[in-house]
Amino acid sequence: MDQSPADNKSDTPVVMIVDDEPMVIRSLESLLQLETEYRISSYQSPVAALDRLKETPVDIIVSDFMMPDMNGLEFLREARSLHPDVPRIMLTGYADKENAIQAINEVGLFHYVEKPWDNDYLKMVIRNGLEQRSLRAVLKRRIRELDLTTRRADRLHEEASLLQDELDQARGLLHELLPGSLPSHGPFELAVHFQPAMQIGGDFYDTLPLAGNRRAVLLADLTGHGIKAALSTALLKFAFSRFSGKDVGPTRILEGINSVLHDGLPSGVFAAAALVVIDIDSPRYHIANAGAPHPLLLRRSSRKIERVFAEGLLLGVAGADEFPDVEVTVVEPRPGDGLLLMTDGVTETELGDDRHYGDGSLQECLRAALDKTGEDLLRALESHRAAQRANQNDGDDVTMLIIDYSQDRSTP
Amino acid sequence: MTGSDNQPKHDTGILVIVDDEEMVLTSLKSFLTLETEYEVKTFLSAKEALEFIRSTDIDLVMSDYLMPEMDGISFLAEVRKLRPEVPRIILTGYADKENAIKAINDVGLYQYIEKPWSNDDLLIILRNGMEKQKLMKKLREKIEEINKAYGDLEGLHKEIVKTFV
């Protein structure tokens, strides 16, 4: 196993000199000691030099060709098999030059230098050899690093695709939690537009029958996205469904959902919600609001749009003891009126440059499309909004729900 | 180790040679065309060579020292500005050797070759220079690949965090 230069005790390169003539060693030593920073390790015997190489590597080898117990070629061949990345330089007399040239490929010589050598030239050759060695070492490390990074990315891709499968399942489950269609109830007709975000968002809507020919309509927006939103939506659905057929009003329902969200999820999930209880016989709306956008009452006969105020705390924030009284506003619908509920994904649609769709644009569009009802109206609102948004995909779920009241319909 | 992944092929590449003597260029070109796979581009004028180098991704440059319009050191200093990673080799007569040695550090020469040179030496020097250049190129590629891989990894990570947390 070859070591890179940086693995040595110090960063100073080690130059190995092998020559059977002490004079040559002395003169090379004094040249390199005087004019370079290299550390020098010199041997008169190639056999002893090989023993050293078996223990610890050097950074470059300069070897003589003609030596008594082992010639330079044999020595460098052995050195190459021990440390293939260490550049090898051979010093040759003029008579041996042909042999040296032939050996360039045989022992993978970096360079040969003729004796008597030129000091500057030899220094330059050694410097270039060392530079090449360190380039190779750096390249090796980079290739290893790239390999590791690629493997990490592959693993992450695998995990991501597993997670994506789970997310798709969660999305499917979430879809099943939403009612397929919203039936009409006597003169009250319901329509909804639900535009899920790319990632799983937290919008939820549902309706329930209550005792006394009443109907509860809930539109909620849970904090968080992804799996967490899917799970809390399931919890919300469960909390709401417990009131099916019960003789309760908006206050009890919101209090009940608040407790389940607050106690049921330790990690803290909150929901903004608007709740309308439709008294089909009177007819009347009992409207409560827990931090959701104010519902808009569309008085079509007088062409007015009224905001329905009812203040309340987000669900899940406070425990049952601290949960403030729920304010309930009662509205008597006139024939032709519409009641529009929405989540904040509508007005907070990003238009770019830090601007949002906002209440103004919504009301402007509503005024223009006021004569439309049900799905037609929601479609008009959606296309107005979608035409202005900055991104093709919404960052948040967008849900609009409208309840239209017409006297024409007879109670079934 | 020969032929393994981190030892790039070094018997090909674009070599630029500048010398004001046509004879030198002709003999170098025919020798190198015979002995190597290099694509050899020769120039009598340093200025024309610079024009070529500006527009071509070359691998190695070798220049004579004494030339009338621009000396070899000034020429190689210009090449360094254009393509700092291309190894630069100078051919020098004995009289100019001292200047060439000084230029090793001043303009970052890869190597000098004394005239008259031995063709065997020349082949080794060119081979080593080419190999150095190929190593540098490969290193730069790897660093780019690594940066890209890290970028992808970070993007993927962000995506996952955004979806699930």
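Is Asp152(B) buried, partly exposed or exposed? Asp152(B) counts as partly exposed, at 43% relative accessibility. Here buried means under 20% relative accessible area, exposed over 50%, and partly exposed in between (1.4 Å probe, protein chains only).

**Before you start**

This is a predicted model, in which local features need pLDDT of at least 70 and side-chain atom pairs count only at pLDDT 80 or more, while totals for chains, interfaces and linings use all residues. Residues are numbered from 1 along each chain as its sequence is written, chains are lettered from A and ligands numbered from 1 in the order in which they are written, and side-chain values use heavy atoms, with hydrogens and water left out.

**Stop 1: helix H5 of chain B**

A salt bridge is a side-chain nitrogen of Lys or Arg within 4 Å of a carboxyl oxygen of Asp or Glu. Both residues lie in helix H5 of chain B, 4 residues apart, about one turn of the helix. Helices (H or I, at least four residues) and strands (E, at least two) are DSSP runs, numbered from the N terminus. Lys148(B) is exposed, with a relative accessible area of 55%. Next, select Asp57(B), Asp59(B), Arg83(B) and Lys137(B), which are joined into one network by salt bridges that share partners.

**Stop 2: where the chains meet**

Show chains A and B together. The contact (heavy atoms within 4.5 Å) takes 40 residues from chain A and 38 residues from chain B. The area buried between the two chains is about 3,800 Å², and carbon and sulfur atoms give 63% of this area. Buried area is the accessible area (1.4 Å probe) that two parts lose on being put together, summed over both. Select Leu135(A), Leu139(A) and Leu146(A): they supply 15% of the area that chain A buries against chain B, more than any other three residues. There are 3 salt bridges between chain A and chain B. For a salt bridge between Glu131(A) and Lys132(B), look for a distance of 2.6 Å, N to O.

**Stop 3: salt bridges within chain A**

Over all chains, a search of the whole structure finds 34 salt bridges. Select Asp59(A) and Arg133(A), whose side chains meet in a salt bridge (3.2 Å, N to O). Asp59(A) lies in the loop between helix H2 (46-55) and strand S3 (60-64) of chain A, and Arg133(A) in helix H5 (residues 119-177) of chain A, so the pair ties together parts that are 74 residues apart in sequence. Both residues are buried.

Move on to Lys237(A) and Asp206(A), a salt bridge with its closest N and O atoms 3.5 Å apart. Lys237(A) lies in helix H6 (residues 226-241) of chain A and Asp206(A) in strand S7 of chain A, so this pair ties together parts that are 31 residues apart in sequence. Lys237(A) is partly exposed, with a relative accessible area of 24%, whereas Asp206(A) is buried, at 8%.

**Stop 4: chain A as a whole**

Chain A has 9 helices and 17 strands. Of its 412 residues, 51% count as buried.

Select helix H7 (residues 250-264) of chain A, which has 15 residues and reaches 21 Å from its first C-alpha to its last, close to the 21 Å expected at 1.5 Å a residue. The expected span is 1.5 Å times one less than the number of residues. Among the buried residues of H7(A) are Pro250(A), Ile253(A), Leu254(A) and Gly256(A).

**Stop 5**

Most residues other than glycine have a negative phi, and most peptide bonds are trans. Select Asn213(A), which is not a glycine and has a positive phi, near 50°. Asn213(A) sits in the loop between strand S7 (203-210) and strand S8 (214-222) of chain A. Arg303(A), also not a glycine, has a positive phi of about 55°. Find Arg303(A) in the loop between strand S11 (296-299) and strand S12 (304-307) of chain A.

Now select Ser282(A) and Pro283(A): the peptide bond from Ser282(A) to Pro283(A) is cis, with omega near -15°. Pro283(A) is in the loop between S9 and strand S10 (284-290) of chain A. In chain B, a cis peptide bond joins Lys115(B) and Pro116(B), with omega about -5°. Pro116(B) is found in the loop between strand S5 (111-114) and helix H5 (119-164) of chain B.
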